[in-house]
Amino acid sequence: MAAINILYISIEGNTRSFLTHLQAFAKQQHSINPKNAEITLREITNQTIPAPESKPFFVFVPTYLDGGNGIDSGYTELMTNSLGEYIASNHNADKCLGIVGSGNKNFNEQYCLTARMYAYRFNAPFLADYELRGTSKDVERVYEILVKRIQEVEKKSDSKDQ
């Protein structure tokens, strides 16, 4: 199985923390069975220069919004714009396998709204969500979802090659 490549942005460290745990879990799973995928992480910041991605990737994005409820009164994305710009550049969106969102459930309809908007904008599936830094169960669940998605893509690619 191919490595799971992840692009992400982390403003307050919650996404980075979750992904560090996810990467450690994947490494553990890989040591148990080398067929289990490991994870590579790439943090996108305001200083990241957009470049073409050569391999398929997943996107992890937290929600930071200003105003509106995201449904009927709009929304303004805050602080994650550099990730969106990176994905939009160099045809990178073509390699996006899916979006995972995080947020605070106290924000009701705005919970994971940025991730849902990315999924719409980049025509990629919204795969999973977790709250704030997530839990160990979230780590296991999200890993399984990413592995399943990679397997689907590989299977589809194999059937095209035949």
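1. Residues are numbered from 1 along each chain as its sequence is written. In this predicted model, local features need pLDDT of at least 70 and side-chain atom pairs count only at pLDDT 80 or more, while totals for chains, interfaces and linings use all residues, and side-chain values use heavy atoms, with hydrogens and water left out.

2. Rings of Phe, Tyr and Trp (its six-membered ring) pair if their centres lie within 6.5 Å, and planes under 30 degrees apart count as stacked, over 60 as edge-to-face and the rest as tilted; by this rule there are 4 aromatic pairs. One of them joins Phe-25 and Tyr-143 edge-to-face, at 5.4 Å centre to centre with 80 degrees between the planes. This pair links distant parts of the chain, since Phe-25 lies in helix α1 (residues 14-32) and Tyr-143 in helix α4 (residues 136-161), 118 residues apart; helices (H or I, at least four residues) and strands (E, at least two) are DSSP runs, numbered from the N terminus.

3. Phe-25 is buried at a relative accessible area of 17%, and Tyr-143 is buried at 5%, where buried means under 20% relative accessible area, exposed over 50% and partly exposed in between (1.4 Å probe, protein chains only).

4. Tyr-118 and Phe-122 also pair edge-to-face, with ring centres 5.6 Å apart and planes at 80 degrees; Tyr-118 is buried at 1% relative accessibility, as is Phe-122 at 8%.

5. Gly-101 has Asp-129 in β7 as its bridge partner.

Notes
Pairing = 2+ DSSP bridges.
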